[in-house]
Amino acid sequence: MNLKSILTILLFLTFATAFSQTESAENSYTSAKFEKYYNDGQFDSIYAIFSPQAQIALPLDKTVAFLTKLKSNYGNITKRAFLEYKSAFAVYKTTFEKGVLSLSISANKDSAITGLYAKPYEPDTLPVMQRNITAMRLPFKGEWTVFWGGDTKELNYHVVVKFQKNAFDIVINNPEGRSFRTSGKTNEDYYAFGQPIIAPCDGEVVWAVDGVKDNVPGELNPMYVPGNAVLLKTQNKEYVFFAHFKQNSIKVKQGDQIKQGQLIGLCGNSGNSSEPHLHFHLQNVENLNQATGVKCYFEKLEVNGLLKTDYSPIKGDKVREVR
C-alpha cells in the first residue's frame, strides 16, 4: 500500500447522517489517547481502545503493521486540529513530521474507537459564507411560528447537519399553540397545509422536484428526505433550499428566473416530514454533500409583535412579513 498516495483502513462503520460540528467529548478524549499512544509507539494500547467489532475487523497484528508503516512514512504527530464530522467520523487535519494527513476517527459513547482511516489532506476550497448578502423577505405571508431555528442544538436540531446547520422549520399555530384545527389526523387539518410559499429573493431555479406523495401526519418518508423541493441560486451565488412542498404544487422549473414574492409552490408534508411545515435554509454551494449551511437574516419583519430589521429568527419566534 502506498501511504503517500492514499491510505485508507476502514475498521468499523456505523451509518449516521448527522453529527455535531463541534467535537464531542468522546472524540476529544479518544483522539488524544490515539495521538499519545501513536507517538509513544504503544500500538498495542491503541488496539486495546478499539471496540470489539473494530478488533475483529483489524486484529492486533494487522493494527501494528498498519501503524508501523504509517509511522515509518510520516513520523510522529506534531499537530492535530478538529475540522468537522463526516458520517460517523470526526475529521482532523493532522500534521506529522513528514507530511499532513486527514485523520478520521469514530468513537462510541464509551470512547472506544469504532473506525479509523487516513488519507492525504486536501484543503477546503469551497466558498466560506457567514450570512446572506442578498436581501431576503420571509417566504410566506401571514404569521408563522419558528419550530426549529437558531445556533444551538437546544434551539435547532439542524445544527448537527453541516449543509443545513442554520435551517428553519416553520409552522402555523393557532392562539393556543396548536398547528392543527381538530385531531391532526389529516394534512388538511393543519393550518400550514396548502399555504403559498413565495420566493424570498430574485434567483434562478437550479432544480425542482415534484410528484412526491404527501405523508399521513405522523408518518415519514425517509426514502426521499426533502420530499418535493426547490433550490434557488441568487446573483451572489447563495443557494436557497425549500423542502416538503405539497405534491404537484410546485409552480417553477429548472432554469426559470424568478422574482422576489413570486409563488414557488404550496406548503405540504412530503419527504421526511411528520406534519405540514416549511423547511428553509441557505447553503454555500449547490451540492448538498459538500455544502455548509449559511445563517439567513431577513431584511424587515415583525417578530413577536415587534419590528425587527436584519434579523435571523430562533425557535419560538412568531414571525410576519412587514412591507
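Tutor: In H1, the buried residues are Asn-27, Thr-30, Ser-31, Phe-34, Glu-35, Tyr-37 and Tyr-38, where buried means under 20% relative accessible area, exposed over 50% and partly exposed in between (1.4 Å probe, protein chains only). An α-helix has 3.6 residues a turn, so residues three or four places apart point the same way. Before going on: this is a predicted model, in which local features need pLDDT of at least 70 and side-chain atom pairs count only at pLDDT 80 or more, while totals for chains, interfaces and linings use all residues. Residues are numbered from 1 along each chain as its sequence is written, and side-chain values use heavy atoms, with hydrogens and water left out.

Back to H1. The helix has 15 residues and reaches 21 Å from its first C-alpha to its last, close to the 21 Å expected at 1.5 Å a residue; the expected span is 1.5 Å times one less than the number of residues. Helices (H or I, at least four residues) and strands (E, at least two) are DSSP runs, numbered from the N terminus. After H1 comes Gly-41, with a positive phi near 75°. The cover over the buried residues of H1 includes helix H2 (43-48), H4, S1, S2, strand S3 (99-107) and strand S4 (113-120).

Now zoom in on Tyr-38, which is buried at a relative accessible area of 0%. A search of the whole structure turns up 18 aromatic pairs; rings of Phe, Tyr and Trp (its six-membered ring) pair if their centres lie within 6.5 Å, with planes under 30 degrees apart counted as stacked, over 60 as edge-to-face and the rest as tilted. One of these is Tyr-38 with Phe-96, edge-to-face at 5.9 Å centre to centre and 85° between the planes. Tyr-38 lies in helix H1 (residues 25-39) and Phe-96 in strand S2 (residues 89-96), so the pair ties together parts that are 58 residues apart in sequence. Phe-96 is buried too, at 4% relative accessibility. Ring pairs also put Tyr-38 and Phe-96 in a cluster with Phe-34, Phe-43 and Tyr-74.

Tyr-38 and Phe-96 both turn up again around Asn-76. Leaving aside neighbours within four places in sequence, Asn-76 is in contact with Tyr-38, Asn-39, Lys-71, Thr-95, Phe-96 and Glu-97, contact meaning heavy atoms within 4.5 Å. Asn-76 sits in the loop between helix H4 (60-74) and strand S1 (77-86), and is partly exposed, with a relative accessible area of 22%. Its side chain makes a polar contact of 3.0 Å with that of Lys-71. A polar contact is a pair of N or O atoms within 3.5 Å; within protein, one must be able to donate a hydrogen and the other to accept it, and residues adjacent in sequence count only if both atoms are side-chain atoms.

Asn-27 is touched by Ala-90, whose other contacts are Phe-82, Glu-84, Tyr-85, Leu-103, Ser-104 and Ile-105, not counting residues up to four places away in sequence. Ala-90 lies in strand S2 and is buried, with a relative accessible area of 0%. From Ala-90 to Ser-28 the C-alpha distance is 9.1 Å, although 62 residues separate them in sequence.

Asn-27 also meets Ser-106, which touches Ala-88, Phe-89, Ala-112, Ile-113, Thr-114 and Gly-115 as well, again not counting residues up to four places away. Ser-106 belongs to strand S3 and is buried, at 3% relative accessible area. Phe-82, one of the contacts of Ala-90, is partly exposed, with a relative accessible area of 22%. Tyr-92 is buried at 0% relative accessibility, and Arg-80 lies over the face of its ring, at 5.0 Å from the ring centre. A charge sits over a ring if NZ of Lys or CZ of Arg is within 6 Å of the ring centre and within 35 degrees of the ring normal.
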